[in-house]
Amino acid sequence: MASGAISVETKKITDLRVVDLKSELKRRNLDVTGVKNTLVARLKQAIEDEGGDPDNIEITVSAETPTRKHSKSKGKKTDLDADTIMEEESFSKVWEWNCCHILGSLKLD
């Protein structure tokens, strides 16, 4: 099993990813179920009970923990989407033109 580099970072609790929130809760033997807001509230309470500052907490981050590289834009067209649509429309027009010429050249008896 490969071990990655481990670093300690100071972050705001609301900036943590769900995987990091769950990791911190698990480290404290707390429930790790729920949506992000629930996890934030649970961890914030735990940190306050420990006498810490929940607005600036130190978390251990493993280099093996993946980070999100690409985010999906919800309902927004991206340049890639626009390119794909243009290609599909061009293909459709060429296909239509070819079909019309082929059918137009056929002689029906």
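Is Glu-24 buried or exposed? With a relative accessibility of 3%, Glu-24 counts as buried, where buried is under 20% relative accessible area, exposed is over 50% and partly exposed is in between (1.4 Å probe, protein chains only). The model behind this is a predicted one, so to speak of a local feature takes a pLDDT of at least 70, and side-chain atom pairs count only at pLDDT 80 or more, while totals for chains, interfaces and linings use all residues. Residues are numbered from 1 along each chain as its sequence is written, and side-chain values use heavy atoms, with hydrogens and water left out.

On the overall layout, the protein has three helices and two strands. Read from the N terminus, the order is β-α-α-β-α. Helices (H or I, at least four residues) and strands (E, at least two) are DSSP runs, numbered from the N terminus. Of the 109 residues, 15% count as buried.

Side chains of opposite charge can pair when their charged atoms come close. One of the bridges joins Glu-24 to Arg-27, with 2.7 Å between the closest N and O atoms. The two residues sit three apart in helix 1 (residues 18-27), which means that about one helical turn separates them.

Arg-28 in turn meets the side chain of Glu-50 in another salt bridge, at 2.8 Å from N to O. Glu-50 lies in the loop between helix 2 (36-49) and strand 2 (57-62), and Arg-28 in the loop between helix 1 and helix 2, so this pair ties together parts 22 residues apart in sequence. Glu-50 itself is exposed, with a relative accessible area of 52%. Put together, Glu-24, Arg-27, Arg-28 and Glu-50 form a network of salt bridges.

Ala-46, in helix 2, is buried at 12% relative accessible area. Its C-alpha atom is 8.2 Å from that of Arg-28, although Ala-46 and Arg-28 are 18 residues apart in sequence. In the loop between helix 1 and helix 2 there is also Asn-29, a residue other than glycine with a positive phi, near 60°. Asn-29 is exposed, with a relative accessible area of 71%.

Now for the nonpolar side. In soluble globular proteins, nonpolar side chains tend to be buried together. A nonpolar core is taken as a set of buried Ala, Val, Leu, Ile, Met, Phe, Trp, Tyr and Cys residues joined through side-chain atoms within 4.5 Å. The largest such core has 10 residues, namely Ile-13, Leu-16, Leu-21, Leu-25, Leu-39, Val-40, Leu-43, Ile-47, Ile-57 and Ile-59. Helix 1, helix 2 and strand 2 are the elements that give two or more residues to this core, and helix 2 supplies the largest share, four residues. Val-18 lies in helix 1 and counts as partly exposed at 35% relative accessibility.

Finally, the surface charge. Glu-48, Asp-49, Asp-53 and Asp-55 gather in a patch of negative charge on the surface. Patches are made of residues with over 30% relative accessible area and no salt bridge, with like charges joined within 9 Å and nonpolar side chains (Val, Leu, Ile, Met, Phe, Trp, Tyr) within 5 Å. Glu-48 is found in helix 2 and, at 39% relative accessibility, is partly exposed.

Notes: Salt bridge = Lys/Arg side-chain N within 4 Å of Asp/Glu carboxyl O. Areas by Shrake-Rupley, 256 points an atom, 1.4 Å probe, with all protein chains shown as cover. Lys, Arg positive; Asp, Glu negative; His and termini not counted. Charge placed at Lys NZ, Arg CZ, Asp CG, Glu CD.
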